Amino acid sequence: METTKSICCYCGVGCGVLIDSEHGRIAGVRGDPDHPANRGRLCSKGQALHLTTGITGRARYPEVRCTRSQPRTQLEWGDALDYLADRYADTIEAHGPDAIGFYVSGQLLTEDYYVFNKLARALVGTNNIDSNSRLCMSSAVAGYKATLGADAPPACYDDIELADCILIAGSNTAWAHPVLFRRIEDAKAKRPDLKLIVIDPRRTATAEAADLHLAIQPGTDVALFNGILQLLIWEGSIDRKFISAHTDGFDALKATVRDYTPQVVAALCGVPVEQIATAARWFGNADAALSLYCMGLNQSTCGTDKNAALINLHLATGHIGRPGAGPFSLTGQPNAMGGRETGTMANLLPGHRDPANAQHREDMARLWRIPDLPSAPGKTAIEMFEAVRSGEIKLLWIACTNPAQSLPDQSLVREALERAEMVVLQEAYATTETAPYADVLLPATTWGEKDGTVTNSERRISRTRSAVRAPGIARHDWSIAVAFAHKLEARLRPGTPTLFPFETAEDIFNEYRTTTTGRDLDISGLSYGVLDARGPQQWPFNADSGCGAERLYVNGVFATPSGRAHFANTAYVPVFEEATARRPFKLITGRLRDQWHGMSRTGRSARLFGHAPEPRVTMNPADLAHRMIVAGDLVQVSSARGSVTLQVEGSDDVSRGQAFLPMHWGSAHLGGTGGSGINAVTLPAFDPISRQPELKHCAVRIAKAELPWRVLFFAYPHASDVLELAGRARAWLPRFAFATCVLVGRERQGVLFRAAAPAPIDARVLEPLDSIFGLKDHLTLTYDDVRRGISRRIRVHEGRIEAVRLAGDLAAEPWLRELFERQDAVTNLGGSLLAPTLSSARRAATGHIVCSCWSVSKREICEFAVRAKGDGGDVMGALQAALKCGTQCGSCVPELKRLVTTAKAAA
């Protein structure tokens, strides 16, 4: 067994991972106890990283099709890249460099990013390069630049233990950044006087842990922050010396917030005046106040103002540049920071430069040894796909991202992909929603196979190292881009020295490093040797300092021309799409605990489906009752752009008039006629400064879907891989009015396919699915009631259920699922398995899995809590000792506490 130090590939916490591998296979993962970001901890997703590896579904060989009517065929790398270079050179000659677009990813390594940026700007000659980080962090970037002068988070993770007040806004940190939330819980346990304020429309797991939860109306963050500032000024809780010595713009903002009285803000935000006053008092009176924020602020048409309004609170109170204090954006992807640092977004250049600044363009042209850089503004994510749809951009190169799942307004995105003259997809997985649109598929390496660097939320640069070889002839992302650049150079600038003299990732890092010299993120003192010898380091780390900086602006000098921070004069603007009588619900999107982004990786492990097994929209129980809808019904969620059909559940965590929909479910898991996942309904309108779309909110109508006939399949693969079975089943998702396909199981993985229709479907239509799920042989028990449209197929092998089809009557589902997933013996049940109306009351269902690490269900936890003696704390300790839940990654601890409290109260 070999052990390799690497970095987790999920959120921007940047957790260190120890990869155990043998015989060319990743066998297990552990948290790296030496990494300062996580100190050995991993979340539930990180704990399951090894379960997502394997070659099924991987892109392994280059594939090309010359026309859309043909399937892609395999080519050697040289032939594929020659074909691409010819097409790109011809297009640039005929239509100019701005007919090319590159759309890359926050999961690329810094070295990958840098090469793509140089390829687009220095060789092709276009600023049309953007990243999916546009969807998550561009408002944070704009907010930092508008107030502090540079895209540089000033705080660090250690500030969590040093703060007296932590304000979390627009982030369900307990689920989205669980390792950081464990640190908050630990800090709170050691210092009970630490105040935790959470601002979120929903009562999330994070909000449940708060001392104060402000359940504001969606999109009213600026009004709340301005109202808090008004109270801070009124009560004399601002730091006038700091304001005078280190800032400008305060008087204009003070005049603006005069109108944001507690009463006005309470009415706008839908929270009591007393809560606003308490938040202001706790934040203003703290010795050190830290704010943590994420997509709830960023994904908005006024996301820049939301970020800036929160930073205004820090500037007004002097809570910045000190231990335990500062505004701290939590990055959504593992290397979104690296993309920002290398300038791999349309409005950035390497070293925190700006392509709109002529001096910055001149600096980069000199560093890259080219005459000049393009000056025309580049297209950002939404604009890029609009330009592809209109024909302005002819060729689109997509790397390591899945826009046919993740971008809003999927009808626009998919139309663009269909109209493009060529789509190049550089991707590790051939099974993403974007893959069918690819005219050229270039197989890339992924986590566990890559070598390079990443930067986490606290500006800490870490080495990530390859533990195993990639399957087939897949290459590193930077290597693909370099090889293509060499081919294109021969056509565009023959006989000149290459701009891409890179043979290793270290070569790229060394060149990138020179672009930061003298800049605010100067890493001229860093090298692979330093990182290997001394471990992860924070920037700036210049050649003279010999070490990184924990915090920024400790001397009160900011990254603006004057050295003063700037108060942004923010005013509240409502959400772009208000609820109306026609679309009365405010839809909020967000994350699940055990899934990540578009699920191209987490969707490969059944264990990670246990906590939230299938796509569901959550509504307040009163709204359900008012519409005569019950939990488990199918509903249609419709916006001005499209609709999606899925099951509904009720929860008081969501306020009346609101609904919550997880962001992860794309058309690979959630189908239906014309279905394109949940982003069929989301909003493409974007912030005018950050260009980040308002993915967080839109107005929708929710109505019961009249699809009374249901069918359900589930099976363990009899003679194939579980992902192969899922892939074959998913081809059937578009053939029903509603359908979903997910993985199930605990120790053994299986596939579940659920569908619905307005009327019973002819049995002959279901026969191909019977074959896919292994329900056509002599081991399959059958029952049919043609008149009532009810049928049942159950395959029993060696006394245990291997596959099931229930059609027309799904009452037996909970019981059969329990037997199936637990692999209980069913020999003694005989023909009762085929009874026309099996009752689910034979055995209570376990409920969803709460603890993914130890596969502990809701039922097991509640039953233990009812039997246990003592108060909540005693029961939690006994529960963890007996069932082990919450003892490994800790991601389930907030839910465990709630279940224990609820069960004891009920008992």
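A total of 58 salt bridges is counted, a salt bridge being a side-chain nitrogen of Lys or Arg within 4 Å of a carboxyl oxygen of Asp or Glu. The structure is a predicted model, in which local features need pLDDT of at least 70, side-chain atom pairs count only at pLDDT 80 or more, and totals for chains, interfaces and linings use all residues. Residues are numbered from 1 along each chain as its sequence is written, and side-chain values use heavy atoms, with hydrogens and water left out.

One of the salt bridges joins the side chains of Arg41 and Asp186, at 2.9 Å from N to O. Arg41 lies in the loop between strand 3 (25-31) and helix 1 (44-47), and Asp186 in helix 7 (residues 178-190), so this pair ties together parts that are 145 residues apart in sequence. Helices (H or I, at least four residues) and strands (E, at least two) are DSSP runs, numbered from the N terminus. Arg41 has a relative accessible area of 28% and is partly exposed; Asp186, at 32%, also counts as partly exposed. Here buried means under 20% relative accessible area, exposed over 50%, and partly exposed in between (1.4 Å probe, protein chains only).

A salt bridge between Arg460 and Glu458 has its closest N and O atoms 2.8 Å apart. Arg460 is buried at 12% relative accessibility, and Glu458 is buried with a relative accessible area of 2%. Asp623 and Arg656 meet through their side chains in a salt bridge of 3.4 Å, N to O. This pair links distant parts of the chain, with Asp623 in helix 24 (residues 621-626) and Arg656 in the loop between strand 24 (643-650) and strand 25 (658-662), 33 residues apart. Asp623 is buried, with a relative accessible area of 4%, whereas Arg656 is exposed, with 53%.

Glu111, in helix 3 (residues 110-124), is buried but has no salt bridge. The nearest side chain of opposite charge is that of Arg463, 6.4 Å away; Lys and Arg count as positive and Asp and Glu as negative, while His and the chain ends are not counted. The side chain of Glu111 instead makes a polar contact of 2.8 Å with that of Thr453. A polar contact is a pair of N or O atoms within 3.5 Å; within protein, one must be able to donate a hydrogen and the other to accept it, and residues adjacent in sequence count only if both atoms are side-chain atoms. Residues in contact with Glu111 (heavy atoms within 4.5 Å), not counting those up to four places away in sequence, include Gly452, Trp478, Ala505 and Tyr528.

The count of aromatic pairs comes to 23. Rings of Phe, Tyr and Trp (its six-membered ring) pair if their centres lie within 6.5 Å; planes under 30 degrees apart count as stacked, over 60 as edge-to-face and the rest as tilted. The ring centres of Phe102 and Trp397 are 6.0 Å apart and the planes stand at 35°, so this pair is tilted. Phe102 belongs to strand 6 (residues 100-104) and Trp397 to strand 14 (residues 395-399), so the pair ties together parts that are 295 residues apart in sequence. Both Phe102 and Trp397 are buried. The pair of Phe713 and Phe753 is edge-to-face, with 6.3 Å centre to centre and 70° between the planes. One aromatic cluster is formed by Tyr88, Phe102, Phe116, Trp397 and Phe484.

Helix 4 (residues 138-147) is largely enclosed by the rest of the structure, because eight of its 10 residues are buried. The elements covering these buried residues include strand 12 (289-293), helix 15 (303-317) and helix 16 (336-341). Just after helix 4, Gly149 has a positive phi of about 100°.

In strand 8 (residues 165-169), five of five residues are buried. Cys165, Leu167 and Ala169 lie on one side and Ile166 and Ile168 on the other. Strand 8 pairs in the parallel sense with strand 9 (residues 195-199) over five bridges, and likewise with strand 12 over five bridges; two strands pair if DSSP finds at least two bridges between them. Cys165 is opposite Lys195 in strand 9, and Ile168 is opposite Leu292 in strand 12.
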